[in-house]
Amino acid sequence: MTSQLPLHISFLVAATLVLSYKFQSIVPQPYLDEVFHIPQAQRYCDGKWMEWDDKITTPFGLYILSYIYTLLLLPLRPILGQPETYICSTAILRSLNAIGVAIVLPVLGYRVSRKLRRSEVDAARDAVSIAFFPLMFFFAGLFYTDVWSTVFVLAAYERLLGGRHGRLSAISILFRQTNVLWTSFFCVLHVVSQLTIEPNTQLQEKKYDTSNQNIVSIFQDIWNSRVIYNPPLAQFTDQGPGVLISLYSLALSILRSPLQAIAAALPFLTVILSFIAFVILNGGIVLGDKSAHTATLHLPQLFYFTLFVLFISWPLLIAPCLPLRFLHANFPLFIPSSFSSNTHSKTPHTNTYTPPESQSTLFAKTARTMFTLVILSTMLLIVHKNTVLHPYLLADNRHYPFYLFRRTILYHPPIKYLAVPIYYGCGWCILDSLQRPSSSSSTQSPNHIPRPQSSLPKDSGVSSLWFLSYLIAFLLSVIGAGLVEFRYFVPGWVLWRLAVGSSRWRWWLEMAWFAAVNGVTAYLFLHRGFSWESEPGKIQRFMW
C-alpha cells in the first residue's frame with residue numbers, strides 16, 4: 001500500500017471527525033429516517049430479532065452490522081465510563097458510518113483503482129474522491145444505509161476484478177434491494193472475462209463499417225473468429241449496430257462453452273434467483289410499508305442522473321473546446337470537417353483526437369445527425385408522457401429535489417421540454433468521458449493485471465460490454481422508482497468515477513468543489529433549520 005493512501009485517509013479521518021462532532025453536538029437525537037433505523041438497530045442490540053418496524057422498507061443488513069460493531073465495542077465500555085446502553089446509542093451507531101466513509105470506503109476505492117491499472121498516487125486520489133463525494137461524506141454523520149450499501153457493492157467489484165467470485169454482492173443486497181442489479185452487472189463482467197481466455201487483438205481492433213459491409217458478412221466474420229467482440233467503447237460507438245455485433249459474439253461464446261459460462265455465472269445466479277424467490281414470497285421488492293414505494297416506470301430518472309453527474313463532477317468533464325466537439329460529434333452535417341479538426345485538438349483525458357472515419361462521407365454525417373434528432377425526439381416524448389411527480393417529492397421540503405422541481409418544472413411546465421437538450425448534452429459528456437483513456441493510467445505491465453480486466457481495456461476507456469451492462473443495470477436500478485432521490489444515483493456515480501479516473505489538476509479542482517458542496521450542505525443542515533406549522537417547535541433540516 002502506498003504511503004500516499006495513509007496520508008489521504010488521515011485527511012478523511014480529520015474531516016469526518018469534525019463533521020461527526022458537529023452533527024452529534026447540534027443534532028443529537030435521531031433525525032428523519034434515523035427515527036426508524038436507530039430504534040431498529042437498538043432492538044437487535046437487545047436481542048429482539050423478531051421485532052420489525054413496518055415503516056422500514058430496506059433489509060436488515062445495517063442492523064446486523066451494527067450488532068456486530070457494538071459487540072466489538074463492549075470491552076471498551078468500562079474505559080469509556082458509560083452505561084451499557086451507550087454502546088448502542090445514537091452517537092455510537094453514527095460512528096459506524098463515519099468509519100465506513102473515513103477508512104473502509106477509501107481502502108476499497110484504492111484497491112479497485114489499482115486493479116484498473118492506476119498508479120499508486122492516482123489510486124489514492126481516486127480513493128479519497130469516492131469517500132469525499134458529497135452524497136457519501138454527508139452521511140458519515142448520520143445512521144443511514146447508503147454508506148455500507150456502497151461499501152459492499154465496491155467490495156464485490158474489487159473481488160471481481162481480482163478474479164474472484166463476487167459473493168459479497170449478496171451481502172450488499174441486505175442493505176439495499178436494488179443492489180441485485182449490480183450483482184447482474186458483475187455477473188456479465190465475470191462471464192465475459194472467463195470466456196475471454198486469449199483476446200483476439202486483431203479482432204478487437206477491427207472496425208466494422210456497416211455502410212459498406214453487409215451485416216450478414218460481419219456476423220460470419222464473428223462466427224469464424226470464435227471470440228467475444230468487446231472493443232473499446234470509442235470504437236464501438238462508431239460502428240453502426242455495434243450493440244448487435246457484441247451481443248451476438250457474447251451469445252455465440254456462451255453457446256459454444258455453456259458449461260464454462262454457467263460455472264462463471266453460477267455464484268451470481270444463485271444470489272439473483274434467491275432474490276427473485278424473496279420478491280415472490282414477499283409480494284414485492286419492498287419490505288414493510290409498500291404503499292408509498294410502489295414500482296413506477298420512471299424513465300426520466302436517467303436524464304436526472306446525467307444532470308446530477310455534470311453538476312457534481314464538472315471538474316472531470318469540462319474543456320474549452322467541449323461545446324464544439326459536442327456539435328461536431330452529434331451534428332456533423334452542419335459542422336465542416338476543417339472546422340471540427342481544430343475543435344478536437346484537446347479532450348478532458350487526451351491531447352489528440354481523430355474524428356471517426358465513418359463521418360467522412362456525407363451519408364454517414366447525415367445518418368449521425370438524423371440519429372441525434374431521433375434520440376432528442378424520443379427524449380421529448382419520454383418527458384411528455386413519463387414525467388412522474390411523486391407525492392413525497394411535492395410534500396417534503398427538507399430535500400433538495402423539492403426545490404429543484406418547484407422552481408423549474410412546476411413553476412414553468414415548458415422547462416421540462418427545454419431541459420431535454422441539456423439532458424442529452426450531459427449524457428454525451430458522460431459517454432465521452434468513458435471513451436477516453438484515463439489520464440491517470442499507469443504504465444504497469446498488463447501481465448500484472450488479473451484476467452477480468454479484459455472487460456476494461458487499458459488506455460482505451462471502458463469496453464463495449466462493460467458499458468452496455470453498466471447502463472442496463474443502472475437503468476433498472478432507478479427507473480422503477482417514482483421518487484427522485486439523489487441517493488439512488490450513488491452506486492452508478494461511484495462505478496463511473498472509478499472508470500474515468502482524473503488528472504492531477506482535475507482532481508484538485510474536484511476536491512475543492514466537493515469541499516464547497518460538503519461545506520454548504522453541512523451548514524444548511526446544521527444552521528438553517530425551520531419549523532412546520534403542523535409541528536411547531538420541532539426543527540426540520542435540509543439534506544440530500
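Aspartate 146 and arginine 487 join their side chains in a salt bridge, 2.9 Å from N to O (that is, a side-chain nitrogen of Lys or Arg within 4 Å of a carboxyl oxygen of Asp or Glu). Aspartate 146 sits in helix 8 and arginine 487 in the loop between helix 24 (464-478) and helix 25 (490-500), so the pair ties together parts 341 residues apart in sequence. Helices here are DSSP runs of H or I with at least four residues, numbered from the N terminus.

Aspartate 146 is buried at a relative accessible area of 2%, and arginine 487 is buried at 9%. Buried means under 20% relative accessible area, exposed over 50%, and partly exposed in between (1.4 Å probe, protein chains only).

## Ground rules

This is a predicted model, where local features need pLDDT of at least 70, side-chain atom pairs count only at pLDDT 80 or more, and totals for chains, interfaces and linings use all residues. Residues are numbered from 1 along each chain as its sequence is written, and side-chain values use heavy atoms, leaving out hydrogens and water.

Glutamate 535 is partly exposed, with a relative accessible area of 28%.

Terms used: Helix = DSSP H or I, 4+ residues; strand = E, 2+ residues; numbered from the N terminus.
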